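Biologist: I'm new to this one. Can you put it up and walk me through it?

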Amino acid sequence: MTVKHIQKDPEALTMTVTAEFAAPVDRVWQVWENPRLLERWWGPPTYPATMVDHDLTPGGRVHYFMTGPDGDQHHGWWRIMSIDAPKRLEFEDGFADDTGAPNPDLPVTIMRVTLDEQPDGVTRMHIVSEFASREAMEEVLAMGVEEGMTEALGQIDALLENTRPG
Amino acid sequence: MMRALVHELPTRARRAVHRCGPADCVEGSRPLTYNQMVVDLIDAQETDRLFSALADATRRDIVVQAMRGEHSVSNLARRYPMSITAVQKHVSVLERARLVTKERRGREQIVRINIDAIHHASHLLDELEDLWRGRVDRISELIADSSEGEFR
């Protein structure tokens, strides 16, 4: 398993995911930097993501939508707070209308991603999700409802069958 | 984002699953049905009380103490630099959040943990954990795929 550790703090309303990937940091960074790669993992298989705008510069915006089984679209936005390629990305993640404009009535999560290449060539990724409030957490967890029942876990087998780059 | 879907659930379905309180949901927490998870999330008021209650250091400590065994309110009050009345108030907040129960025994009020509520709090974070486990799996798959031409 590539998820090494998950630390949940119900009081501080944070969750930290630590994962390791058998690839150099530059390669792992691309799953964030390249919108075509990002859209292949951000949404669950039943709600694939499409990146409309993807500007990873300080103050830059990302606009994406996820398409559900019935063709329903759910839009989201990021605002890049800071970026230090290929090591660090901090952004706000929120809900949007279908033009990508942030919905001010729905909560924003702060995401802090750090990548760290280990001596053995394995890249460790920390993702800290920070909720502004418990209401925010509720909303974001509502999104996770769909995820919880996806076939995502079934993808592990496919993962193990794939060969790693030379 | 999926909020809209949650709200579109038929009323009947919601009512049916609403019988599943935190205790019941914890009982069968893996695997969960979609409806059970929804009810956890739409029961916002209860969850709001839960996290409000846990937002205070004294109350978190009372919860920790209660997890170790039952305590009287006066016994708890000795631990904190505050009046018994103040501790009573904290216990009441925890009681409303269903984190603890309080029972009168003679002249004492005995505080006990409600372990189901604790499970409920961690269960909500489990949902988020599932989201990220799925994402990490998908990243791994992408990275491991040698035929991936989109990498530089």
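Biologist: Start with Trp42(A). Buried or exposed?
Modeller: Trp42(A) is at 0% relative accessibility, so it counts as buried. Buried means under 20% relative accessible area, exposed over 50%, and partly exposed in between, with a 1.4 Å probe and protein chains only.

Biologist: Before we go on, what are we looking at?
Modeller: This is a predicted model: local features need pLDDT of at least 70, side-chain atom pairs count only at pLDDT 80 or more, and totals for chains, interfaces and linings use all residues. Residues are numbered from 1 along each chain as its sequence is written, chains are lettered from A and ligands numbered from 1 in the order in which they are written, and side-chain values use heavy atoms, without hydrogens and water.

Biologist: How many aromatic pairs over all chains?
Modeller: The count is 11. Rings of Phe, Tyr and Trp (its six-membered ring) pair if their centres lie within 6.5 Å; planes under 30 degrees apart are stacked, over 60 edge-to-face, the rest tilted.
Modeller: One of them is Trp42(A) with Trp132(B), edge-to-face, at 6.1 Å centre to centre and 80 degrees between the planes.

Biologist: Where do those two sit?
Modeller: The pair crosses between chains. Trp42(A) is in the loop between helix H2 (35-38) and strand E3 (49-54) of chain A, and Trp132(B) is in helix H9 (residues 115-144) of chain B. Helices (H or I, at least four residues) and strands (E, at least two) are DSSP runs, numbered from the N terminus.

Biologist: And why does Trp132(B) count as buried?
Modeller: Because Trp132(B) is at 2% relative accessibility.

Biologist: Which ring does the charged end of Arg135(B) sit over?
Modeller: The ring of Trp42(A), 3.6 Å from its centre. Arg135(B) also lies over the face of Trp132(B), at 4.8 Å from the ring centre. The rule: NZ of Lys or CZ of Arg within 6 Å of the ring centre and within 35 degrees of the ring normal.

Biologist: New topic. Where is Arg79(A)?
Modeller: In strand E5 of chain A. Arg79(A) is at 29% relative accessibility, so it counts as partly exposed.

Biologist: What does the Arg79(A) side chain join in a polar contact?
Modeller: The side chain of Glu92(A), at 2.8 Å. A polar contact is a pair of N or O atoms within 3.5 Å; within protein, one must be able to donate a hydrogen and the other to accept it, and residues adjacent in sequence count only if both atoms are side-chain atoms.
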